[in-house]
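User: I would like to learn how to read a few features of a protein model. Can you take me through some of them?

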Amino acid sequence: DGTSIPKAEPLMYYALNKPRGILSAVSDPRNRKTVRDLIPVSGTLYPVGRLDEDSEGLVLMTNDGELANRLTHPKYEHEKEYKVLVARQPDEQQLDAIRHGIILEDGHRTAPARVTLENSYGKGAWLRIILKEGRKRQIREMGDRIGLPVVRILRIRIGNLKLGNLKPGEWRALLPDEVR
(Lines give C-alpha, C1' and ligand atoms only; values in the text may rest on other atoms or scores of the structure.)
Protein backbone atom coordinates (compact mmCIF):
# COMPACT_ATOMS: atom_id res chain seq x y z
CA ASP A 1 0.00 0.00 0.00
CA GLY A 2 2.96 2.30 -0.54
CA THR A 3 4.12 2.03 3.09
CA SER A 4 7.72 1.08 3.75
CA ILE A 5 8.32 -2.05 5.77
CA PRO A 6 10.93 -1.36 8.45
CA LYS A 7 14.24 -3.12 8.02
CA ALA A 8 14.81 -5.91 10.54
CA GLU A 9 17.25 -5.19 13.34
CA PRO A 10 20.56 -7.04 13.19
CA LEU A 11 20.60 -10.04 15.50
CA MET A 12 22.22 -9.30 18.87
CA TYR A 13 23.46 -11.70 21.55
CA TYR A 14 24.72 -10.77 25.02
CA ALA A 15 25.69 -12.66 28.15
CA LEU A 16 24.72 -10.90 31.38
CA ASN A 17 25.48 -11.68 35.00
CA LYS A 18 22.12 -10.82 36.56
CA PRO A 19 22.52 -9.53 40.10
CA ARG A 20 20.11 -10.42 42.90
CA GLY A 21 17.14 -8.05 43.08
CA ILE A 22 16.87 -7.48 39.31
CA LEU A 23 13.87 -8.78 37.34
CA SER A 24 14.31 -11.08 34.32
CA ALA A 25 12.04 -8.90 32.21
CA VAL A 26 12.17 -6.10 29.66
CA SER A 27 10.00 -3.73 31.71
CA ASP A 28 8.08 -3.66 34.97
CA PRO A 29 4.80 -1.85 35.68
CA ARG A 30 6.06 -1.12 39.22
CA ASN A 31 9.28 0.46 37.85
CA ARG A 32 11.62 -2.10 39.40
CA LYS A 33 15.00 -2.50 37.73
CA THR A 34 15.13 -5.15 34.97
CA VAL A 35 17.83 -6.98 33.05
CA ARG A 36 17.08 -4.76 30.05
CA ASP A 37 18.10 -1.72 32.11
CA LEU A 38 21.58 -3.22 32.55
CA ILE A 39 22.52 -3.36 28.84
CA PRO A 40 22.58 0.19 27.39
CA VAL A 41 22.33 -0.67 23.70
CA SER A 42 19.53 0.46 21.41
CA GLY A 43 17.10 -1.96 19.87
CA THR A 44 14.94 -4.84 21.01
CA LEU A 45 16.47 -7.23 23.54
CA TYR A 46 14.78 -9.72 25.81
CA PRO A 47 15.97 -12.37 28.26
CA VAL A 48 16.06 -16.02 27.20
CA GLY A 49 14.64 -18.00 30.09
CA ARG A 50 14.23 -16.50 33.52
CA LEU A 51 15.87 -16.24 36.88
CA ASP A 52 13.64 -15.15 39.74
CA GLU A 53 14.34 -11.80 41.39
CA ASP A 54 16.34 -13.41 44.22
CA SER A 55 18.49 -15.57 41.91
CA GLU A 56 21.58 -14.42 40.08
CA GLY A 57 23.90 -15.45 37.32
CA LEU A 58 23.93 -16.06 33.59
CA VAL A 59 21.13 -14.64 31.46
CA LEU A 60 21.25 -14.60 27.66
CA MET A 61 19.82 -11.43 26.11
CA THR A 62 18.91 -11.44 22.42
CA ASN A 63 16.44 -10.40 19.76
CA ASP A 64 16.73 -13.78 17.99
CA GLY A 65 13.35 -15.44 18.55
CA GLU A 66 14.35 -18.71 16.86
CA LEU A 67 17.37 -19.13 19.14
CA ALA A 68 15.31 -18.17 22.19
CA ASN A 69 12.78 -20.90 21.35
CA ARG A 70 15.49 -23.53 20.81
CA LEU A 71 17.07 -22.72 24.17
CA THR A 72 13.87 -22.59 26.22
CA HIS A 73 11.61 -25.27 24.73
CA PRO A 74 11.80 -28.39 26.94
CA LYS A 75 12.04 -30.78 23.96
CA TYR A 76 15.59 -29.57 23.24
CA GLU A 77 16.75 -30.45 26.79
CA HIS A 78 19.49 -27.82 27.02
CA GLU A 79 21.37 -28.10 30.28
CA LYS A 80 21.32 -25.29 32.80
CA GLU A 81 23.91 -25.48 35.56
CA TYR A 82 23.60 -23.84 38.96
CA LYS A 83 25.63 -23.39 42.11
CA VAL A 84 23.11 -23.58 44.95
CA LEU A 85 23.70 -22.72 48.59
CA VAL A 86 21.38 -24.65 50.91
CA ALA A 87 20.87 -23.89 54.60
CA ARG A 88 21.60 -27.44 55.83
CA GLN A 89 24.01 -30.24 55.07
CA PRO A 90 22.19 -32.57 52.65
CA ASP A 91 22.08 -36.30 53.28
CA GLU A 92 22.33 -38.91 50.54
CA GLN A 93 18.55 -39.46 50.54
CA GLN A 94 17.93 -35.78 49.75
CA LEU A 95 20.52 -35.79 46.95
CA ASP A 96 19.00 -38.98 45.52
CA ALA A 97 15.55 -37.34 45.52
CA ILE A 98 16.92 -34.56 43.28
CA ARG A 99 18.62 -37.14 41.06
CA HIS A 100 15.40 -39.12 40.57
CA GLY A 101 12.89 -36.27 40.43
CA ILE A 102 10.73 -34.63 43.04
CA ILE A 103 6.95 -34.24 42.98
CA LEU A 104 6.23 -30.52 43.25
CA GLU A 105 3.22 -28.94 44.93
CA ASP A 106 1.31 -28.78 41.62
CA GLY A 107 1.78 -32.56 41.14
CA HIS A 108 4.48 -32.26 38.46
CA ARG A 109 7.44 -34.62 38.86
CA THR A 110 10.69 -32.90 37.99
CA ALA A 111 12.95 -34.54 35.46
CA PRO A 112 15.98 -36.29 36.92
CA ALA A 113 18.78 -33.82 37.64
CA ARG A 114 22.47 -34.19 38.27
CA VAL A 115 23.55 -32.98 41.69
CA THR A 116 26.88 -33.04 43.49
CA LEU A 117 27.90 -31.79 46.90
CA GLU A 118 30.62 -29.20 46.22
CA ASN A 119 31.60 -28.25 49.78
CA SER A 120 30.33 -27.39 53.24
CA TYR A 121 29.62 -23.76 54.05
CA GLY A 122 28.96 -23.10 57.73
CA LYS A 123 25.85 -25.09 58.66
CA GLY A 124 24.92 -25.35 54.97
CA ALA A 125 26.49 -26.56 51.77
CA TRP A 126 27.10 -25.59 48.15
CA LEU A 127 25.55 -27.94 45.61
CA ARG A 128 26.04 -28.07 41.86
CA ILE A 129 22.75 -28.87 40.11
CA ILE A 130 22.30 -29.48 36.38
CA LEU A 131 18.74 -29.35 35.04
CA LYS A 132 17.31 -30.04 31.59
CA GLU A 133 14.05 -28.28 32.43
CA GLY A 134 13.33 -24.98 34.07
CA ARG A 135 10.00 -24.61 35.81
CA LYS A 136 9.23 -21.43 37.72
CA ARG A 137 11.19 -21.38 41.02
CA GLN A 138 11.95 -25.10 40.53
CA ILE A 139 15.18 -25.27 42.52
CA ARG A 140 13.68 -23.38 45.46
CA GLU A 141 10.59 -25.59 45.51
CA MET A 142 12.66 -28.77 45.18
CA GLY A 143 14.70 -27.66 48.19
CA ASP A 144 11.58 -26.86 50.20
CA ARG A 145 9.99 -30.24 49.38
CA ILE A 146 13.00 -32.22 50.66
CA GLY A 147 13.91 -30.05 53.65
CA LEU A 148 16.86 -28.16 52.12
CA PRO A 149 15.97 -24.45 52.19
CA VAL A 150 17.73 -22.61 49.38
CA VAL A 151 19.74 -19.56 50.41
CA ARG A 152 21.33 -18.59 47.10
CA ILE A 153 21.12 -19.64 43.43
CA LEU A 154 23.78 -18.73 40.88
CA ARG A 155 23.32 -19.94 37.27
CA ILE A 156 26.76 -20.56 35.80
CA ARG A 157 25.96 -22.21 32.46
CA ILE A 158 23.28 -22.50 29.77
CA GLY A 159 24.20 -25.22 27.26
CA ASN A 160 27.79 -24.43 26.25
CA LEU A 161 27.59 -20.78 27.30
CA LYS A 162 29.38 -20.12 30.60
CA LEU A 163 29.15 -17.20 33.00
CA GLY A 164 32.93 -16.98 33.17
CA ASN A 165 34.43 -13.94 34.89
CA LEU A 166 31.49 -11.57 34.50
CA LYS A 167 30.82 -9.73 37.74
CA PRO A 168 27.23 -9.02 38.85
CA GLY A 169 25.72 -6.44 36.48
CA GLU A 170 28.44 -6.91 33.83
CA TRP A 171 27.62 -8.01 30.30
CA ARG A 172 29.42 -8.79 27.06
CA ALA A 173 28.61 -9.56 23.46
CA LEU A 174 28.78 -13.25 22.57
CA LEU A 175 31.48 -14.45 20.24
CA PRO A 176 30.38 -15.97 16.88
CA ASP A 177 31.45 -19.44 18.06
CA GLU A 178 29.24 -19.08 21.17
CA VAL A 179 26.25 -18.08 19.05
CA ARG A 180 26.78 -21.10 16.81
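Predicted model: local features only at pLDDT ≥ 70, side-chain atom pairs only at ≥ 80, totals over all residues.

User: Which residues of helix α1 are buried?

Analyst: An α-helix has 3.6 residues a turn, so residues three or four places apart point the same way. In α1 (residues 65-72), the buried ones are Leu67, Ala68 and Leu71. Buried means under 20% relative accessible area, with a 1.4 Å probe and protein chains only. Helices are DSSP runs of H or I with at least four residues, and strands are runs of E with at least two, numbered from the N terminus.

User: Why are they on the same side of α1?

Analyst: They cover an arc of only 100 degrees around the axis, which puts them on the same side. The arc is taken from the directions from the helix axis to the C-beta atoms. Their cover includes β1 (13-18), β2 and β3.

User: Is Ser55 buried or exposed?

Analyst: Ser55 counts as buried because its relative accessibility is 3%. Ser55 lies in the loop between β2 (46-48) and β3 (56-62). Leaving out residues up to four places away in sequence, Ser55 touches Lys18, Pro19, Arg20, Arg140 and Ile153; contact means heavy atoms within 4.5 Å.

Technical notes. Residues numbered from 1 in each chain as written. Heavy atoms only, no water. Buried < 20%, exposed > 50% of the residue type's maximum accessible area, 1.4 Å probe, protein only.
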